[in-house]
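Trainee: I would like a close look at a single part of this model. Please take me through it slowly, and then show me what lies around it.

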Amino acid sequence: MTTDLISHTCAGLPADHPRYLMGVGAPPDLLDAIALGVDLFDCVLPTRVARTGTIFTRRGRVNIRNAAYRDDTGPPDESCPCAVCARYTRSYLRHLFNADEMLGPRLATYHNLSFLAQLMEDARAAIANNRFDGWRREILAAYATPW
Ligand SMILES: [Zn+2]
């Protein structure tokens, strides 16, 4: 991510107006942009990658098609409160993708959007409680993949 460009641009924008960044949707990049002063985002990444079986988790992204999830009875993300994570397992999502069932991409898309909505809600709460930097460090330390 071009943090220098975002930082430079935000420094030149009025402080009392929202700052919008298009095309950034990976969880670590969103947190970096928030730290630089961005308020709003718009990106196809969470839905685009979901359609091919990539789901966001607090530990990093997961390709649910991998054989490692064949017998995994855990939810897509243990910490996600969404309806998909409450009702379905990684092995079932893997089955749906490998069987070319349209429900697989739909459930992965629902989860990824819910995941990001929850992440942004948590970021807003951390900002409101004046603990965003520490919260962000904890989230990024647990995030094992590049995006
Ligand atoms: Zn979920």
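Which elements do the buried residues of helix 5 pack against?

Mentor: Keep in mind that this is a predicted model. The buried residues of helix 5 pack against helix 3 (45-50), strand 3, strand 4 and helix 6. Let us take helix 5 first, and then its partners.

Helix 5 covers residues 90-98. Its buried residues are Arg90, Ser91, Leu93, Arg94, Leu96 and Phe97. Find them in the structure, one by one. Then step just past the helix. There aspartate 100 takes a positive phi of about 55 degrees.

Now the two strands. Strand 3 holds residues 54-57, and strand 4 holds residues 60-63. They run antiparallel, and four bridges join them. Two residues sit between the strands, and together the strands form a hairpin. Look across the pair: threonine 57 stands opposite glycine 60 in strand 4.

Next comes helix 6, residues 103-128. Threonine 109 lies in this helix. Threonine 109 counts as buried because its relative accessible area is 18%, and the cut-off for buried is under 20%. Leave aside its neighbours within four places in sequence. Threonine 109 is then in contact with Thr47, Ala50 and Arg51.

The zinc ion is coordinated by Cys80, Cys82 and Cys85, each through SG, and by His111 through ND1. The distances run from 2.1 to 2.3 Å. The site is tetrahedral, with angles of 96 to 121 degrees among the four donor atoms. Read along the sequence, the donor residues are spaced C-x1-C-x2-C-x25-H. Cysteine 80 lies in the loop between strand 4 and helix 4 (83-87), while histidine 111 lies in helix 6, so this pair ties together parts that are 31 residues apart in sequence.

Cysteine 80 has a relative accessible area of 10%. Cysteine 82 is buried too, at 7% relative accessibility. What is the count of disulfides? The count is zero.

Now step back to the nonpolar cores. The largest one has 21 residues. Leu31, Leu119 and Trp135 have the most contacts inside it. Helix 1 (3-11), helix 2, helix 6 and helix 7 (132-142) each give two or more residues to this core. Helix 6 gives the most, with six residues. Leu96 is one of the buried residues of helix 5, and Cys80 is one of the zinc donors.

Leucine 31 touches Leu119, Met120, Phe132, Trp135, Arg136, Ile139 and Leu140, not counting residues up to four places away in sequence. Finish with aspartate 29, in helix 2 (residues 27-35). Aspartate 29 has a relative accessible area of 21%, so it counts as partly exposed. Its C-alpha atom and that of leucine 140 are separated by 9.9 Å. Along the chain, aspartate 29 and leucine 140 are 111 residues apart.

Terms used:
Residues are numbered from 1 along each chain as its sequence is written. This is a predicted model: local features need pLDDT of at least 70, side-chain atom pairs count only at pLDDT 80 or more; totals for chains, interfaces and linings use all residues. Side-chain values use heavy atoms; hydrogens and water are left out. Buried means under 20% relative accessible area, exposed over 50%, partly exposed in between (1.4 Å probe, protein chains only). Two strands pair if DSSP finds at least two bridges between them. Donors are N, O and S atoms within 2.8 Å of the metal (3.2 Å for Na, K and Ca); water is not among the atoms, so sites may look incomplete. Four donors count as tetrahedral if all angles lie between 85 and 135 degrees; four count as square planar and six as octahedral if opposite donors are over 155 degrees apart and all others between 65 and 115; anything else is irregular. A nonpolar core is a set of buried Ala, Val, Leu, Ile, Met, Phe, Trp, Tyr and Cys residues joined through side-chain atoms within 4.5 Å. Contact means heavy atoms within 4.5 Å. A disulfide is a pair of cysteine sulfur atoms within 2.5 Å.
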